[in-house]
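Open the model in your viewer and keep the selection panel at hand. We will go from one selection to the next, with a note on what to look for at each stop.

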Amino acid sequence: MNCNHACGNCEGHCGSCGGCRPQLTITPVEYALLQQFAITPFLPVAAGWNLKTPVYLEEAEYTPEEYSAALTALSLKGLIRIDYDVPLDNFSYEAYKSYPMHGSMALTGAGQDIVEQLEIQDVEQD
């Protein structure tokens with residue numbers, strides 16, 4: 001059976017499409033960060049005065065540049081919120097001392113939904 005709907009509410013029941021639901025692509029570093037957010041709901045972040053590049057130094061599986069790009073992408077996808085005006089209480093930002101802005105980041109509601117779906121579907125990183 002062919003889907004004759006161009007995203008016209010077929011919801012995948014025609015058997016030949018994915019249901020016209022938006023798809024989200026997650027890179028391996030984004031996946032790793034989402035998994036870290038699932039364990040630790042609030043993570044530290046820093047930035048220069050321009051606030052253009054988030055800095056995350058807590059993990060070493062990827063480069064700081066890769067984490068920065070992934071955080072930017074997750075934020076643009078609406079999966080995380082980065083707040084430079086809300087630093088973590090009782091967290092030493094010693095590793096971030098060369099950056100003037102210290103804040104925190106957390107999953108948004110959409111991000112929580114994605115993490116739950118990844119868990120429910122038992123999705124693992126390749």
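Start by selecting residues 64-76: this is helix H2, which lies across E2 and E3 and runs at about 115° to E2. Contact means heavy atoms within 4.5 Å, and angles, from 0 to 180 degrees, are taken between the N-to-C directions of axes fitted to C-alpha atoms, for helices over the stretch in contact.

Before moving on, a word on the source: this is a predicted model, in which local features need pLDDT of at least 70 and side-chain atom pairs count only at pLDDT 80 or more, while totals for chains, interfaces and linings use all residues. Residues are numbered from 1 along each chain as its sequence is written, and side-chain values use heavy atoms, with hydrogens and water left out.

Now zoom out. From the N terminus, the protein chain runs α-β-α-β-β-α, with three helices and three strands.

Next, colour the strands. They form an open sheet in the order E1-E3-E2, with antiparallel pairing; strands pair if DSSP finds at least two bridges between them. Strand E1 (42-47) and strand E2 (80-83) are at the edges with a single partner strand each, so one side of each has no neighbour in the sheet. From one strand to the next, the twist averages 30°.

Show its buried residues (under 20% relative accessible area with a 1.4 Å probe, protein chains only; over 50% is exposed, in between partly exposed): among them are Tyr31, Leu34 and Phe37. The buried set packs against E1, H2, E2, E3 and helix H3 (109-120).

Which residue forms a salt bridge with Glu30? Select Lys77: the closest N and O atoms are 2.7 Å apart. A salt bridge here is a side-chain nitrogen of Lys or Arg within 4 Å of a carboxyl oxygen of Asp or Glu. The pair is 47 residues apart, with Glu30 in helix H1 and Lys77 in the loop between H2 and E2. Glu30 is buried at 3% relative accessible area, while Lys77 is partly exposed at 32%.

Finish by returning to Arg81, whose side chain meets that of Asp83 in a salt bridge (2.7 Å, N to O). Arg81 is exposed at 53%, whereas Asp83 is buried at 18%.

Notes. Helix = DSSP H or I, 4+ residues; strand = E, 2+ residues; numbered from the N terminus.
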